[in-house]
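This report describes one chain of a model and the contact it makes with its partner. Please look at the sequence and the structure first.

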Amino acid sequence: MDLARVIGSITATVKDPALVGVKLCILQPLDTDLKPVRAPLIATDATGLRGDGELVHFVESGDAIMSGLGDDPKMPVDAAVMGIVDNMTVSPEV
Amino acid sequence: MELAVVVGSIWSSSVHPAYEGRKQMLVQRVDMDRKAVGHPTVAIDYMSAGVGDTVLIAAAPGLARVVFKIDIAPIQTMIMGIVDRVEAPGHAEFGVSVPRD
């Protein structure tokens, strides 16, 4: 699971029926210095994000498939936001 | 599984239900010389690891389902053990039980 900043959102009218009503956000993966580590990607949100600029963590690949809420957890996605980071402590000397 | 060092922790109030009540740590993958490889990532810890500990981490789909015995577990990276000592020929020993300079 990587850290990321929400840097935008995606709207798509034509998409897989399972994705209807699901929020798609653009994530910039970060390290613990909050510096970008790779290219931005698109992920679904299982946490009820409030908007751009939030620090989150997300899962990728096979784990994101189980990320849906409600009766059917299976989601046809390869990345999903799992939590909003309220507080982070990093030990510099380790 | 890979070697990593615990470098910090995060606190989230709004998480997926599978994450509720679980400890979220920041881990940095390391090589056999305890040098950082790649960037730090988030791992779920059920071993009670602390900052500075050398740990074993694993990342595989379905791993958390087996460990926590829950059906829906979108958890990617987990701390599977706390490393007492890494002994590899040609490399300095390190681990929780090896004093650091």
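## Chain B: elements

Chain B holds one helix and six strands; helices (H or I, at least four residues) and strands (E, at least two) are DSSP runs, numbered from the N terminus. Read from the N terminus, the order of elements in chain B is β-β-β-β-β-α-β.

The structure is a predicted model, in which local features need pLDDT of at least 70, side-chain atom pairs count only at pLDDT 80 or more, and totals for chains, interfaces and linings use all residues. Residues are numbered from 1 along each chain as its sequence is written, while chains are lettered from A and ligands numbered from 1 in the order in which they are written.

The C-alpha trace of chain B spans about 45 × 25 × 25 Å along its principal axes. Of the 101 residues in chain B, 37% are buried (20 or more other C-beta atoms within 10 Å of the residue's own, with C-beta atoms placed from the backbone).

Among contacts in chain B with a separation of 6 or more, 52% join residues 24 or more positions apart; a contact requires C-beta atoms, placed from the backbone, within 7 Å.

## Contact between the chains

Chain A gives 31 residues to the contact and chain B gives 27 residues. On the side of chain A that touches chain B, strands E1 (2-10), E4 (55-60), E5 (79-84) and E6 (87-90) of chain A each give two or more residues.

E6(A) pairs with strand E1 (residues 2-11) of chain B in the antiparallel sense, over four bridges; pairing requires at least two bridges found by DSSP. Met88(A) stands opposite Ile10(B) in E1(B).

Notes
Two residues are in contact if their C-beta atoms, placed from the backbone, lie within 7 Å. A residue is buried if 20 or more other C-beta atoms lie within 10 Å of its own, exposed if 12 or fewer, and partly exposed in between; C-beta atoms are placed from the backbone.
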